[in-house]
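Subject: Handover of a structure and its findings

Dear colleague,

Please find the structure below, handed over for your further work. My notes on it follow directly after.

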Amino acid sequence: MTETTLTHIGQTEPRPVGWQGIAADWSSDQRAFKNVSWGKAMMWIFLLSDTFIFGCFLLSYMTARMSTRVPWPNPSEVFALHIGGSNIPLILIAIMTFVLISSSGTMAMAVNFGYRRDRRKTAILMLLTAVLGATFVGMQAFEWTKLITEGVRPWGNPWGAAQFGSSFFMITGFHGTHVTIGVIFLIIVARKVWRGDYDIGRPGFFTSRKGRYENVEIMGLYWHFVDLVWVFIFAFFYLW
Amino acid sequence: MAEATANGLGQHALHAAHEAPAAAVAHAEVHQEHPIRLYLVVWAWLFILSACSYMVDYFGIHGYLRWSLILIFMMLKAGLIVAVFMHMAWERLALTYAIILPPVLVLVFVAMMVFESDYTLLTRMTFFGAGS
């Protein structure tokens, strides 16, 4: 009984709109996020804290790049691939971007089918998302290997400012870790959907609480965030 | 555009609460259900915008035009992902502002670090000369 009172989303009273509504929600001496479940609200707050972490990484990269007297290596050339006798700039990064965007698309559709109680399609789309995510990590591993064999180290590289290596490994490494964790998370939730855990209300392994199809959406929030971070890394690190 | 199903269900839950309080718990779950078409359209736009930002590099556009184009495409992509894929467009404003406003404050940090790195650069030029 206590479980339901904690988990369920209470009925929402009619409240004022706009800024007055925000003030009313926050000053109501009750829960501030009226029709948002705690699971979702907490995922959003976690993502907010993660935003600050990546924000700090990108900021330290900006500071390093702005304060070095040595020219910054040209990412367009560094990340070029030699295909068919000519150098194509940034081609691997572009493909990685498309792969990650596609995985976001399949994830969004998985959430949709989850709410329609279509277990099969939800699980398949989530596994497809996981496969695309794993592909992304694989391509990143290829990129790291290529750069390391070319002599990029956290303390130096053959083309210019020494901070290039440390910024690159730090930012893309942390992002790659997020993608890897996301893939594991996806496989776990996909298995639960496939088994029908959310239909029969089977208690979770660690929490012993009944999962709902909203868990798929919460999982999706994390995955879209990983894609979102890549948008910023792509713009600031690779294109700038 | 797909209207907020969340609000519709909220109303539904309100009615259910009056009729049968016990059943309200089961019905109160807020759904984020929108037509698949919407996701496909956004997906296509994300592809187009990514291709555009790649083209900026491919054609070697430089200077302020490059930077402003990169930023425009970046913000459009980020906006689409947050608003549609993450359903922020249909969430309650109290949550939206709680999540969207704090990252904006990072811009203050950016301004601070711009001054800081300018100072570092100046110091390096003064004490280490023009070499290395």
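Along its sequence, chain B reads α-α-α-α-α-α, that is, six helices and zero strands. The model is a predicted one, and its scores are ipTM 0.84 and pTM 0.84.

Confidence in chain B

The average pLDDT of chain B is 79, and 74% of its residues score at least 70. Among the elements of chain B, α4(B) has the highest mean pLDDT, 94, while α2(B) has the lowest, 39. Residues 1-29 of chain B have a pLDDT below 50, and this stretch makes 40 contacts in the model beyond near neighbours in sequence. Of the 132 residues in chain B, 23% are buried. Among the contacts in chain B with a separation of 6 or more, 54% come from residues 24 or more positions apart.

Chain A: layout and confidence

Chain A contains nine helices and two strands, in the order α-α-α-α-β-β-α-α-α-α-α. Its C-alpha trace spans about 65 × 40 × 30 Å along the principal axes. The domain assignment divides chain A into domain 1 (1-35) and domain 2 (37-239), and the C-alpha centres of these two domains of chain A are 33 Å apart. Buried residues account for 38% of the 240 residues of chain A. Of the contacts in chain A with a separation of 6 or more, 68% involve residues 24 or more positions apart.

The average pLDDT of chain A is 88, with 95% of the residues scoring at least 70. Among the elements of chain A, the highest mean pLDDT, 95, belongs to helix α6 (residues 119-149) of chain A, and the lowest, 43, to helix α1 (residues 2-7) of chain A. In residues 1-8 of chain A the pLDDT is below 50, and beyond near neighbours in sequence this stretch has five contacts in the model.

The interface

How many residues of chain B are in contact with chain A? The number is 54, and they meet 52 residues of chain A. On the chain B side, α1 (5-19), α2 (21-27), α3 (36-58), α4 (64-85), α5 (93-104) and α6 (106-128) each supply at least two of the residues that touch chain A. By type, this side of chain B divides into 37 nonpolar, nine polar and eight charged residues. When reading these contacts, please bear in mind that the pLDDT is below 50 over residues 1-29 of chain B.

The nonpolar core

The largest nonpolar core has 70 residues, and A:A110, A:M126, A:L186, A:V229 and A:F234 are those with the most contacts inside it. Elements of both chains give two or more residues to this core: α3 (38-67), α5, α6, α7 (163-195) and α9 (214-239) of chain A, and α3, α4 and α5 of chain B. The most comes from α9(A), which gives 18 residues. Neighbours within four places in sequence aside, A:M126 is in contact with A:A110, A:L186, A:V189, A:A190 and A:V193.

Helix α5 of chain A

Helix α5 (residues 91-115) of chain A has 25 residues, and from its first C-alpha to its last it reaches 37 Å, close to the 36 Å expected at 1.5 Å a residue. Most of α5(A) is covered, as 18 of its 25 residues are buried. After α5(A) comes A:R117, which has a positive phi, near 60°.

Two individual residues

Is A:Y61 buried or exposed? A:Y61, which lies in helix α3 of chain A, has 21 other C-beta atoms within 10 Å and is therefore buried, the cut-off being 20 or more. Apart from neighbours within four places in sequence, A:Y61 is in contact with A:S167, A:I171 and A:F237. The C-alpha atoms of A:Y61 and A:F236 are separated by 9.2 Å, although the two residues are 175 residues apart along the chain.

A separation of 9.2 Å is found between the C-alpha atoms of A:L127 and A:M107, which are 20 residues apart along the chain.

With kind regards

Technical notes
Residues are numbered from 1 along each chain as its sequence is written. Chains are lettered from A and ligands numbered from 1 in the order in which they are written. This is a predicted model: local features need pLDDT of at least 70, side-chain atom pairs count only at pLDDT 80 or more; totals for chains, interfaces and linings use all residues. Two residues are in contact if their C-beta atoms, placed from the backbone, lie within 7 Å. Helices (H or I, at least four residues) and strands (E, at least two) are DSSP runs, numbered from the N terminus. Ala, Val, Leu, Ile, Met, Phe, Trp, Tyr, Cys and Pro count as nonpolar, Asp, Glu, Lys and Arg as charged, and the others, Gly among them, as polar. Domain bounds come from an automatic or database domain assignment. A residue is buried if 20 or more other C-beta atoms lie within 10 Å of its own, exposed if 12 or fewer, and partly exposed in between; C-beta atoms are placed from the backbone. pLDDT is the predictor's confidence in each residue, from 0 to 100. The expected span of a helix is 1.5 Å times one less than its number of residues. A nonpolar core is a set of buried Ala, Val, Leu, Ile, Met, Phe, Trp, Tyr and Cys residues joined through C-beta atoms within 7 Å.
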